Amino acid sequence: MEIIGSRVQLPDGYVSGAAFYEDKGMFFVQQFARSTENAGLGNRFHRLLSSWNIESHSLITKRVTDEIPGDASIDHCGRVQISTTTHRVYICSTESYLEMMDPDSLETVGTMAQVDDQIITDFAVDDLNGRVLVLSTRKDGTIHLASYSLRNGEKLQEAVLPTRGTSRGGGGARIDLITVSRTGQIGMFLNDTGQQ
């Protein structure tokens with residue numbers, strides 16, 4: 001394998017996710033950047049989403065979405081996903097719901113998967129099957145996998161996954177939604193159970 005490429009000069013911050021939207025000649029980068037406001041309150045970060053031209057690597061637009069207290073380099077959903085069906089950019093926002101954005105302006109056009117006591121750990125856009133899969137933990141330590149319609153955002157299905165009782169908040173467990181295959185099968189890694 002030969003790696004040939006060029007560097008893109010990003011704003012300062014920890015890169016948490018990126019996605020290509022080749023149909024529009026763009027790519028998107030989500031970062032956790034140290035907040036300069038309220039510096040006396042300790043480590044505070046904000047999410048920065050930026051869009052870039054694939055060919056020229058020039059910045060198209062950027063947007064600060066929300067502020068995150070604590071160490072943003074760990075345990076925060078940083079996934080960026082593109083739906084070519086809805087022509088939207090999807091990110092986790094404030095951990096409890098997904099935010100849908102216009103790819104050209106990065107303006108919010110809707111939200112999805114709002115559940116008050118959940119922390120979204122990962123998600124995947126499944127254009128082929130017309131759904132968005134959301135993996136989350138709840139305050140009681142349970143892990144949930146839910147699917148939502150890409151067309152209207154309605155919940156389609158939900159399952160509680162078996163665990164050994166280690167919650168994300170209590171044990172710092174890493175829970176990732178890895179992939180969705182062409183057949184619709186879902187591959188996950190839950191390191192609190194050691195199972196895949």
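Confidence and overall make-up

Author: The protein chain averages a pLDDT of 82, and 80% of the residues score at least 70; pLDDT is the predictor's confidence in each residue, from 0 to 100. This is a predicted model, in which local features need pLDDT of at least 70 and side-chain atom pairs count only at pLDDT 80 or more, while totals for chains, interfaces and linings use all residues. Residues are numbered from 1 along each chain as its sequence is written, and side-chain values use heavy atoms, with hydrogens and water left out.

Reader: Which element of the protein chain has the highest mean pLDDT?

Author: Helices (H or I, at least four residues) and strands (E, at least two) are DSSP runs, numbered from the N terminus. Helix 1 (residues 168-171) has the lowest mean pLDDT among the elements, 44. Over residues 166-172 the pLDDT is below 50, and this stretch has 15 contacts in the model beyond near neighbours in sequence, a contact being heavy atoms within 4.5 Å. The highest mean, 95, belongs to strand 5.

Reader: How many strands does the protein chain have?

Author: The secondary structure includes 1 helix. The strands come to 14.

Reader: What percentage of the residues of the protein chain count as buried?

Author: Buried means under 20% relative accessible area, exposed over 50%, and partly exposed in between (1.4 Å probe, protein chains only). Of the 196 residues, the buried ones make up 43%.

Reader: Which residue in strand 6 is the bridge partner of valine 80?

Author: Strand 5 and strand 6 pair in the antiparallel sense over 4 bridges. The two form a hairpin with 4 residues between them, and histidine 87 in the turn has a positive phi of about 55°. The strand 6 partner of valine 80 is isoleucine 91.

Reader: Which residues of strand 5 are buried on the two sides?

Author: In a regular strand the side chains alternate between the two faces of the sheet. Both faces of strand 5 are covered. Buried on one side are Val80 and Ile82, and on the other Gln81 and Ser83.

Reader: How many of the 6 residues of strand 6 are buried?

Author: Strand 6 is largely enclosed by the rest of the structure. The reason is its count of buried residues, which is 5 of the 6.

Reader: Which residue in strand 7 is the bridge partner of cysteine 92?

Author: Strand 6 and strand 7 pair in the antiparallel sense over 5 bridges. In strand 7, the partner of cysteine 92 is leucine 98.

Reader: Which residue in strand 8 is the bridge partner of glutamate 99?

Author: Strand 7 (residues 97-101) pairs with strand 8 in the antiparallel sense over 4 bridges. The strand 8 partner of glutamate 99 is threonine 111.

Reader: Is leucine 106 buried or exposed?

Author: Leucine 106 is found in the loop between strand 7 and strand 8. Its phi is near 60°, a positive value in a residue other than glycine. Most residues other than glycine have a negative phi. With a relative accessibility of 0%, leucine 106 counts as buried.

Key: Pairing = 2+ DSSP bridges.
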